[in-house]
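Have the sequence and the model open side by side.

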Amino acid sequence: MEAYMIFRDIAIIIVAAKLLGILARKLNVPQVVGEIVAGLLIGPSVLGLVNQSDFLSYMGEIGVILLMFSAGLGTNLKDLKKTGITAFLIALVGVIVPLICGTLLYMVFYGFSAIGSHEFFKAVFIGTILTATSVSITVQTLSEMGKLKTTLGTTIVSAAIIDDVIGIIVLAIVVGIGTGGENTNISVVVIRNLLFFIISGIGGVILYKLFKRLDNRYHHTQRIPILGLALCMALSYCAERYFGVADITGAFVAGVILCNIRDAEYIESKLNINSYMLFGPIFFAGIGIKTNIQGISPTIILFSICFVIVALLAKVVGCGTVAKLTKHSLNDSLKVGVGMMTRGEVALIVAQKGLSVGLLESVYFTPVIILIITSSILTPILLKFLYKRETRAV
């Protein structure tokens with residue numbers, strides 16, 4: 001393909017992604033859903049205006065790195081400390097139950113495979129996708145009702161943040177083991193992951209202090225976001241190159257290291273300009289371009305329905321049960337479960353990583369997209385119903 005054709009493709013992607021993104025937002029559906037649908041329409045499956053290329057793949061990879069860096073920057077470590085053990089337990093079970101349920105779901109449809117086989121890890125990866133929680137819809141709903149700053153609201157948000165951290169660790173381990181072949185030593189993969197997080201933790205403290213000093217000296221100057229971006233890219237590289245950990249894990253850790261400096265929001269705002277205008281649309285539209293709707297069969301349709309049901313119930317049952325065991329009322333426990341069942345960007349990022357390493361086929365993006373749409377619509381409705389029911393009871 002001629003080099004200049006890339007400019008045409010990028011122009012088509014940006015316009016289509018933004019138009020469909022705006023339409024999705026007006027329909028109260030996450031904007032990323034519109035961008036994915038845009039990619040589906042302009043891709044080979046429908047209009048064939050844009051085809052996947054190595055260049056677009058690399059641009060999309062940068063986009064996902066920036067998204068995970070931004071997610072790390074948005075982590076509030078102080079809120080995590082406030083809710084403590086309750087949020088951690090909710091998040092932990094909120095990862096374990098969907099992981100097991102998703103794995104079993106795939107095996108029920110496609111057969112039970114020997115533990116350690118490639119097919120087994122494909123099943124585990126389906127479960128890994130279900131571990132992700134996107135709390136943005138929940139935050140917006142709780143904020144509208146004035147419940148965001150309550151103890152329960154803080155618990156839900158904190159649990160969602162911890163959930164993503166645990167999910168990223170699970171992703172790193174599953175990808176490390178699942179792509180290493182049959183002779184992969186599981187203990188070696190786990191040790192390499194542990195080493196990465198230990199070294200990142202120790203080095204993170206040093207880097208945090210260094211950035212804090214730079215931030216105090218050059219507060220609100222562009223050199224801080226530039227250095228932050230350099231740290232993000234460096235950790236992404238080191239994670240993959242030296243530890244065999246997913247690059248997005250390194251990006252997320254870089255964001256967490258910088259999340260408590262004064263200019264954390266400033267760094268995020270500067271990076272989001274590039275992410276919002278260029279890299280983000282290319283990443284999400286790229287998912288649509290790579291999604292093969294022509295390969296959708298009755299089995300995939302049935303799998304998609306079961307996938308959505310299992311994904312929603314696993315979070316409600318898992319997280320809600322822990323909330324009940326930690327002395328929350330039944331109604332509050334249901335709120336926690338419902339608040340944790342939304343899926344969004346992280347689920348797509350995990351799915352994209354699975355596709356790139358050969359643990360997921362493109363046809364399985366369809367159930368993930370349906371899950372995001374369904375959970376985004378149901379969560380606000382159910383949360384408002386639960387809060388109204390509580391008001392009537394009082």
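## Terms and model

Buried means under 20% relative accessible area, exposed over 50%, and partly exposed in between, with a 1.4 Å probe and protein chains only. Helices are DSSP runs of H or I, at least four residues long, numbered from the N terminus.

The model is predicted: local features need pLDDT of at least 70, side-chain atom pairs count only at pLDDT 80 or more, and totals for chains, interfaces and linings use all residues. Residues are numbered from 1 along each chain as its sequence is written, and side-chain values use heavy atoms, leaving out hydrogens and water.

## Helix α3

## α3 against α9

Helix α3 (residues 54–73) packs on helix α9 (residues 223–243) at about 110°, with axes 11 Å apart. That makes the pair roughly perpendicular, a label for angles of 65 to 115 degrees. Axes are lines fitted to C-alpha atoms over the stretch in contact, and angles run from 0 to 180 degrees between N-to-C directions.

From α3, Ile-62, Ile-65, Leu-66 and Phe-69 meet Gly-228, Leu-229, Cys-232, Met-233 and Ser-236 of α9.

## Thr-366

Where does Thr-366 lie? Thr-366 is in helix α15 (residues 365–393). Its relative accessibility is 14%, so Thr-366 counts as buried. Not counting residues up to four places away in sequence, Thr-366 touches Thr-291 and Ile-296.

Note on methods: Helices (H or I, at least four residues) and strands (E, at least two) are DSSP runs, numbered from the N terminus. Contact means heavy atoms within 4.5 Å. Angles under 35 degrees count as roughly parallel, over 145 as roughly antiparallel, 65 to 115 as roughly perpendicular and the rest as oblique.
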